[in-house]
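Colleague: I am new to this structure and would like to go through it with you. Could you put it up first?

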Protein chains: 2
Amino acid sequence: MNRRAEAYPADRVSLREVGLRDGLQLVKTWPTTEEKRSWLEREHAAGVRHFEVGSFLPANRMPQFADLASTIAAVAALEGARSAALALNERGAGDAIGTDVDEIVCVISATEEHSQANTRRSRADAIDLVRTVARLRDEAGHKAMVNAGIAMAFGCSIAGRVDPDEVLLLAEACLAAGADVVGIADTVGFAGPRQVERLAKRMCGLVGDGGFIVHLHDTRGMGIANASAALDAGCRILDGSLGGLGGCPFAPGATGNVVFEDLVYLCETKGFATGIDLPALAAVRDIPEHAMPGEKFYGGIARAGPPAAFDWRV
Amino acid sequence: MNRRAEAYPADRVSLREVGLRDGLQLVKTWPTTEEKRSWLEREHAAGVRHFEVGSFLPANRMPQFADLASTIAAVAALEGARSAALALNERGAGDAIGTDVDEIVCVISATEEHSQANTRRSRADAIDLVRTVARLRDEAGHKAMVNAGIAMAFGCSIAGRVDPDEVLLLAEACLAAGADVVGIADTVGFAGPRQVERLAKRMCGLVGDGGFIVHLHDTRGMGIANASAALDAGCRILDGSLGGLGGCPFAPGATGNVVFEDLVYLCETKGFATGIDLPALAAVRDIPEHAMPGEKFYGGIARAGPPAAFDWRV
């Protein structure tokens, strides 16, 4: 069985909680290592299994991820839980391989303009990093899978419209370079559900069993509608963050990721069992709300709760 | 040509702004008559054409609608604009016919339990009111169309699950009683997109050309996803309110209607031209935000604006 099918079984929906990574990128304060551990443990107890928890970067660049190794160890202690973290260069990849991380995430910009502006390297170089990470992983005999995420896949804050053909070619190139799983990200929240459905259907054609990741931002209120469209198209791996935490440096005033709790509710109403206890999940919000008083937290389920009048579960 | 096809052409999407009715039902303060007029004028200038503006009720029960006749007159002064208002009993219907209103809205509960608890009358009595309103309208030779909205159509805060067969039968009964247009409302925000798509498809079977109304609340964050599903199913008339204003007495802590600005963006991304200028529309929020400082206003478009990097319009 390949790594991807093991981590993300094709016969169910997998939801990745990226709040501890994407949600902490732009904040001024963040949870302590102990609070992160509690966040992970309580979400795990509520049924969450996939956690993206940070970026392998020098602590002076991203002090919120200085405790990344401990956070990964905290995930490893939870039964059936899997950790993911970003490696943005070879040094990060080396650091990753020194930990127990289950998934090393590389990011490729959908457009050359954004790639150069954001990382001062070409898309080809970004794909080379995927190849390097896979090689380093194999040489070390490390368990981690390699995840290649294509940022700005639905529209670019610099180049504007993005050609879906190019996204498909990039995804193919990432797989050829050794990525175990690929993802498409609406980094600045430009997408609408029709666009998501079309690109996700083409990704299904490439990957086969819905085993690719759709990462959405709720910048313009389309997050859950786009997630619904991705599910309709056949995608079976979706990202979200608790309370919709997270922003984007390229989208001032933007809100963050799709609200994880609402994403769970969406899946359940569509007949996809998530195994997640919604009230228990929503209750975990007290940790980031306490640790990041300057942030806004979103979501309908946390406000209204699941329907009380009948059993809404699948 | 029948009244409905004239008001809601089948070849395009019609968006009804219900903020001045549904949005004002539970608030403690509300805009002055002059502010309401400005709200209407500025939305009309932005391209909005359908306005639901109040309920014909004694002023001591709903003082926010005491100026309803003036508000209806303000809509009548705007070219191509149409006003709608609720009539909850025969007296209200009589009052409506004394005004220039374009649409008289009757409400029928999907469940007998909710009908009795909310209005102390049966669903049969509610359908009789539709018949009475149509008769009074005809006797007076008044232009108004009769709109019958089925509340709790996707789940009831009292009875729980709602049988779609019953909703269809009620809709059919409303049309037989003389309603020119029928609507289905997710009054307490229980619905998910799959459920909306299924019921909307059946409504299309009943009505034919998508000429029925879907009225959604964003209580659990599913509002825009549900609107998207309704459009996919063929519905061509949708309600929303500026800033998502509005709550529901049966759903404590609930947010209001689907955010109108985000609904416009959704339609445009799906290829439905709305004729609405999004930044101009979002700017109108200053009126309710000023007049109702105690309320929360929602929405992604108002926060982030439409994408700047490319032309997102249809």
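The questions below go from the chain pair to single residues.

Modeller: Before you ask, note that this is a predicted model.

Colleague: What rotation superposes chain B on chain A?

Modeller: The superposition leaves an RMSD of 0.0 Å, and the shift along the axis is 0.0 Å. The two copies are thus related as by a two-fold rotation axis. As for the contact surface, 100% of the contact residues of chain B recur in chain A. The rotation that superposes chain B on chain A is 180°.

Colleague: Which residue of chain B comes closest to the rotation axis?

Modeller: Taken at the C-alpha, the distance to the axis is 1.8 Å. The residue of chain B that comes closest is Ala225(B).

Colleague: Which residues have the most contacts inside the largest nonpolar core?

Modeller: That core has 196 residues. Leaving out residues up to four places away in sequence, Phe212(B) touches, among others, Val181(B), Ile184(B), Met203(B) and Ile237(B). The residues with the most contacts inside the core are Phe212(A) and Phe212(B).

Colleague: How many bridges join strand E2 of chain B to E3(B)?

Modeller: The two strands run parallel, and Phe51(B) stands opposite Ser83(B) in E3(B). Between E2(B) and E3(B) the chain crosses through helix H3 of chain B, residues 68-76, in a right-handed β-α-β crossover. The number of bridges joining E2(B) to E3(B) is six.

Colleague: Which residue is the bridge partner of Ala85(B) in E4(B)?

Modeller: E3(B) and strand E4 of chain B pair in the parallel sense over three bridges. The chain reaches E4(B) from E3(B) through helix H4 of chain B, residues 90-97, and this crossover is right-handed. In E4(B), the partner of Ala85(B) is Ile104(B).

Colleague: How many of the residues of helix H10 of chain B are buried?

Modeller: H10(B) spans residues 260-269 and is mostly covered. Its buried residues, including Phe260(B), Leu263(B) and Tyr265(B), pack against helix H8 of chain A as well as elements of chain B, one of them strand E1. Just after H10(B), Gly271(B) takes a positive phi of about 90°. Of the 10 residues of H10(B), the number buried is nine.

Colleague: Is Asn147(A) buried or exposed?

Modeller: Asn147(A) is found in strand E5 of chain A. Apart from neighbours within four places in sequence, Asn147(A) is in contact with residues including Arg16(A), Glu103(A) and Ile213(A). Its relative accessible area is 3%, and the limit for buried is under 20%. Asn147(A) is therefore buried.

Colleague: How far apart in sequence are the parts that Arg16(B) and Glu103(B) tie together?

Modeller: Arg16(B) forms a salt bridge with Glu103(B), with the closest N and O atoms 3.1 Å apart. Both Arg16(B) and Glu103(B) are buried. Arg16(B) lies in strand E1 of chain B and Glu103(B) in strand E4 of chain B, so the parts tied together are apart in sequence by 87 residues.

Colleague: Which side chain meets Glu52(B) in a salt bridge?

Modeller: The N to O distance of this pair is 2.8 Å. Glu52(B) is in strand E2 of chain B, and its partner is in the loop between E1 and helix H2 of chain B, 31 residues apart.

Definitions and conventions
Residues are numbered from 1 along each chain as its sequence is written. Chains are lettered from A and ligands numbered from 1 in the order in which they are written. This is a predicted model: local features need pLDDT of at least 70, side-chain atom pairs count only at pLDDT 80 or more; totals for chains, interfaces and linings use all residues. Side-chain values use heavy atoms; hydrogens and water are left out. A nonpolar core is a set of buried Ala, Val, Leu, Ile, Met, Phe, Trp, Tyr and Cys residues joined through side-chain atoms within 4.5 Å. Buried means under 20% relative accessible area, exposed over 50%, partly exposed in between (1.4 Å probe, protein chains only). Contact means heavy atoms within 4.5 Å. Copies are superposed by least squares on the C-alpha atoms of residues with pLDDT of at least 70 in both. Two strands pair if DSSP finds at least two bridges between them. Helices (H or I, at least four residues) and strands (E, at least two) are DSSP runs, numbered from the N terminus. A crossover is right-handed if, with the strands pointing away from the viewer, the path from the first strand over the helix to the second runs clockwise. A salt bridge is a side-chain nitrogen of Lys or Arg within 4 Å of a carboxyl oxygen of Asp or Glu.
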